Amino acid sequence: MKSYDVAIIGSGPGGYVAAIRCAQLGMKTAIIEKYSTLGGTCLNVGCIPSKALLSSSHHYEEATKHFEDHGIEIPGEIKVNLEKMIGRKQAVVDQTTGGIDFLMKKNNIDVFEGLGSFIDATHIKIEGKDAQDIEAKKIIIATGSKPSNLPFITLDKERVITSTEALKLKEIPKHLIIIGGGVIGLELGQVYRRLGAEVTVIEYMDRILPTMDAGLSKELNKVFKKAKCKMMLSHKVQSVERNGEEVVVKAENKKGEVVEFKGDYCLVSVGRKPYTAGLNLEAAGVKMNDRGQIDVNDHLQTSTSNIYAIGDVIKGAMLAHKAEEEGTFVAETLAGQKPHIDYNLIPGVVYTWPEVAAVGKTEEELKADNVAYKVGQFPFRALGRARASGDIDGFVKILADKTTDEVLGVHMIGARCADLIAEAVTAMEFRASAEDISRMSHAHPTFAEAVKEAALAATDDRALHV
Ligand code: FAD
Ligand code: NAD
């Protein structure tokens, strides 16, 4: 029987990063993945394929709607070849998952293809292509998550679908009905809207992206409405029926009236749930909490002391970079180091266009915590760079402590915000004040100048260009 210092179950961004860091720190490491490709949800059916389709559909929209503004004329009709677009997405996925194979080899990590389940706290049974039992002193569970569903919905995966199927449709829907105005619903909704589908978003709460700062929800909602998406907020879905090629969704509005929507596809994107099926956790004494997550302490250690858990399968934001930080954290803990994660400073990004990005506290959270704060906000339309490229929607908002000026939260919507948020994370990691940011030179002309201007506005209401 093969024996390891560490065995990791699951090869998503949590698991494969943990494996690399364990190997870098000198541990003999194995990783077990039930699918034939590494990379988990993120690389195969999540972050990477969705961003590939967002990029392709963005190019299409630019070509059909905005090239003309720049004096670029394309004779003839510009058409979408969906098969080719989906094919390109798959090529990007294959290249990326292949990169993980390379990294495993480079770091001398043994990869086992098969379903991993606990025999006891130090032994794992692998069933599948590489079937065998292995032994490990420490085990990291990184089995991720699966899409959630509503109890009354049958996901036929043809017309009533999850994000996984939405990433490989064979036709552009005529009318895509989306249940859930969260990250997946909005990102994939925008992809198909750009490609020509009618899109209706049905959201239970009174705003889209309900966990983000309300200012961002409001602004993105405007963008979707401008693109002629139907945004049905405060609607409670009651039923989803499929009749042949038609899908009928009924939802109750705030007045108690039942509203009916008819489309040809329905994407159910109401969140994701931790995935532990088949792990046989009981055999190792690993306990779950009442939310179906694996229970961990501050060291990400489960109820069995040599077994750790990371990523979507435990509490916290279901984000690839959160899982990665936890992978590194556990590897370094196992090596006797004292790593640290500040969960308040894990940024959240929505890759629509304009992009939405945030870190730290929202205004709603600061109010609830009775924190006295000040706000500095700056619109992209006031920036020369934004006007030059024609991306003028959105703003940067900085929330700073009223007394100390420490930055408490940064919320932005606009072009390139997914990248701009890194400056805010860096500043907050070093506990910068708004004035600190405002006194740093930002290259001109850039979108990043909006961060400086928002900081100036927060410091002393002294933004320069409004
Ligand atoms: P996963 O990536 O889910 O990996 C778990 C792996 O474990 C899987 O490969 C699974 O097959 C394997 N596994 C499970 N059980 C077993 C077992 N018993 N034996 C062997 N293997 C097993 N996050 C972002 O930060 N940015 C984004 O842009 C983003 N976009 C997304 C878009 C979509 C459409 C979706 C669905 C998700 C997106 N996410 C994004 C979320 C991100 O994918 C997850 O947060 C991330 O993948 C979690 O990583 P993980 O390592 O915990 O688990
Ligand atoms: P989500 O939690 O982001 O959004 C779910 C939405 O569905 C919420 O707005 C919620 O109020 C709504 N909802 C719940 N029940 C409903 C009902 N009965 N009727 C109508 N609406 C209902 O979940 P998601 O969009 O499915 O994404 C799942 C996870 O994947 C998220 O945790 C997210 O972090 C991650 N993800 C991240 C990215 C990114 O970082 N860019 C992209 C995609 C997915």
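1. Let's start with His66, which is partly exposed at a relative accessible area of 28%; buried means under 20%, exposed over 50%, and partly exposed lies in between (1.4 Å probe, protein chains only). His66 belongs to helix H3 (residues 47-66); helices (H or I, at least four residues) and strands (E, at least two) are DSSP runs, numbered from the N terminus. Between the C-alpha atoms of His66 and Ile86, which are 20 residues apart along the chain, the separation is 23 Å.

2. A word on reading this note: the model is predicted, so local features need pLDDT of at least 70 and side-chain atom pairs count only at pLDDT 80 or more, while totals for chains, interfaces and linings use all residues. Residues are numbered from 1 along each chain as its sequence is written, chains are lettered from A and ligands numbered from 1 in the order in which they are written, and side-chain values use heavy atoms, with hydrogens and water left out.

3. Next, the domains, whose bounds come from an automatic or database domain assignment. The assignment gives domain 1 (2-147 + 273-341), domain 2 (160-270) and domain 3 (345-458). The centres of domain 2 and domain 3, taken over C-alpha atoms, are separated by 29 Å. In domain 2, 18 residues are in contact with 21 residues of domain 3, where contact means heavy atoms within 4.5 Å. About 1300 Å² is buried between these two domains, with carbon and sulfur atoms giving 65% of that area; buried area is the accessible area (1.4 Å probe) that two parts lose on being put together, summed over both.

4. Now look inside. The largest nonpolar core has 52 residues, and Met104, Phe118, Ile134, Ile140 and Ile141 touch the most other members. Such a core is a set of buried Ala, Val, Leu, Ile, Met, Phe, Trp, Tyr and Cys residues joined through side-chain atoms within 4.5 Å. Helix H1 (residues 13-24) supplies the largest share of this core, seven residues. Leaving aside neighbours within four places in sequence, the contacts of Ile140 include Val6, Ile9, Cys22, Tyr308 and Leu334.

5. Two aromatic pairs are present; rings of Phe, Tyr and Trp (its six-membered ring) pair if their centres lie within 6.5 Å, and planes under 30 degrees apart count as stacked, over 60 as edge-to-face and the rest as tilted. Tyr4 and Phe112 make an edge-to-face pair, 6.1 Å centre to centre with 85° between the planes. Because Tyr4 lies in strand S1 (residues 2-9) and Phe112 in strand S3 (residues 110-113), this pair ties together parts that are 108 residues apart in sequence. Tyr4 is buried at 3% relative accessibility, and Phe112 is buried at 4%. Phe380 and Phe447 form a tilted pair, 6.0 Å centre to centre and 55° between the planes. Both Phe380 and Phe447 are buried.

6. Finally, some backbone details to check. Cis peptide bonds join Trp353 to Pro354, with omega about 0°, and His444 to Pro445, with omega about -5°. Lys228, although not a glycine, has a positive phi of about 65°, and is exposed with a relative accessible area of 63%. Asp405, also not a glycine, has a positive phi of about 75°, but is buried with a relative accessible area of 9%.
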